[in-house]
Amino acid sequence: MKTPLKQIYQIRIPLPFRLNHVNSYLVQDGSFWSVIDPGLDTLVTEKSWVQTLHQLNVKPSDIRNIYITHFHPDHYGFAGKMQRWTGAEVNASGETYALAERYYSQGQSERNLHFYLKSGIPETLAQDVAELDSKLLHQISPITGTRVNLLEGDSIVLAGEPYEIVLGGGHAEGSVGFWNAERQALIGGDLLLQKITPNITYQYEEDEGNPLESYFATLNALERRMVRTVLPGHGPVFQPQTDYFESVIAHHKERLDHVLGIVHEAGSAGTTIYDISMRLFSKVFDNDNARFALGETAAHVRYLERQKLLRVQESGGKYSVFENVPY
Ligand SMILES: [Zn+2]
């Protein structure tokens with residue numbers, strides 16, 4: 001529960017997913033406390049917090065600030081409830097609030113379903129996955145109290161030390177990391193994870209996004225900071241090896257090559273995002289993972305499309321992906 005940073009505790013909150021926990025951080029500043037990423041809105045989360053606060057002898061009203069690294073349900077979901085329980089201010093990037101509002105609305109389940117269908121997934125599977133999406137809506141409690149906007153370069157105090165607000169993207173746009181320059185330590189949410197690259201997903205919608213490019217930019221910016229210690233959103237505290245950044249980028253470049261190869265094989269007939277994802281993630285393709293597999297595939301297709309190596313055409317209610325060469 002203790003971390004290498006004094007007065008910053010790592011709290012492992014169980015999750016009902018294959019990724020079975022999320023890390024919250026509880027930070028002491030004298031008699032006041034802050035929480036970073038309170039978890040998903042479930043009874044298990046609530047019980048974990050009651051137990052943790054009891055163990056550390058913290059009263060709910062001692063919690064003055066709730067910080068959210070990004071809008072994903074496992075980090076953001078419990079924030080509203082915790083705010084009503086403690087009276088704390090919620091702090092996140094403006095983009096986090098905006099994305100949460102957009103994604104945690106009924107309209108989004110419908111947009112998701114459209115994307116699944118257009119990606120070429122069988123209709124029954126699309127319905128199943130969309131149903132899982134709408135279930136998730138019940139594990140997010142809206143934030144109704146005071147909201148503070150965190151801006152890039154802002155300085156805050158955690159455990160008596162200054163932290164700079166660092167913004168990043170890719171896994172979730174508007175992600176916030178808390179950077180302790182003196183200790184070269186990052187409380188990073190899912191910006192940097194030890195064993196796995198965070199899931200980089202895209203849904204073909206009207207916006208101009210290119211999350212993989214955004215993630216590469218984030219990695220490059222963080223590499224320049226010479227991060228020595230990461231307090232991540234999942235998994236143990238770690239020290240990135242010297243080739244850490246290089247190998248995360250190499251992992252995605254390999255996947256980009258794999259996608260190019262699959263689309264090349266398909267030739268002039270083209271292929272669908274679903275077919276590509278089945279090849280990329282054949283071992284893990286089930287209902288639970290379908291949304292991640294499709295989103296991850298789409299993010300890589302999108303990157304290659306912007307590089308003008310692939311073409312994506314919508315016709316007959318489906319996206320077809322072609323190699324960008326004249327046949
Ligand atoms: Zn996460």
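Visitor: What makes D74, H75, D190 and H234 the residues that coordinate the zinc ion?

Guide: In this predicted model, D74 (OD), H75 (NE2), D190 (OD) and H234 (NE2) sit at 2.1 to 2.6 Å from the zinc ion. Donors are N, O and S atoms within 2.8 Å of the metal (3.2 Å for Na, K and Ca), and water is not among the atoms, so sites may look incomplete. The four atoms therefore count as donors.

Visitor: Why is the arrangement around the zinc ion called irregular?

Guide: The four donor atoms subtend angles of 87 to 166°. Four donors count as tetrahedral if all angles lie between 85 and 135 degrees; four count as square planar and six as octahedral if opposite donors are over 155 degrees apart and all others between 65 and 115; anything else is irregular. The angles around this zinc ion make its arrangement irregular.

Visitor: What spacing do the donors follow along the chain?

Guide: The spacing is D-H-x114-D-x43-H. D74 lies in helix α2 (residues 73–76) and D190 in the loop between β10 (185–189) and α7 (211–224), so the pair ties together parts that are 116 residues apart in sequence. Helices (H or I, at least four residues) and strands (E, at least two) are DSSP runs, numbered from the N terminus.

Visitor: How do you know that the side chain of D29 reaches G160?

Guide: The side chain of D29 comes to 2.7 Å from the backbone nitrogen of G160. A polar contact is a pair of N or O atoms within 3.5 Å; within protein, one must be able to donate a hydrogen and the other to accept it, and residues adjacent in sequence count only if both atoms are side-chain atoms.

Visitor: Which ranges make up the domains?

Guide: The domain assignment, automatic or from a database, gives domain 1 (8–104 + 140–240) and domain 2 (111–134 + 246–315). Their centres, taken over C-alpha atoms, are 28 Å apart.

Guide: Residues are numbered from 1 along each chain as its sequence is written. Local features need pLDDT of at least 70, side-chain atom pairs count only at pLDDT 80 or more, totals for chains, interfaces and linings use all residues, and side-chain values use heavy atoms, with hydrogens and water left out.
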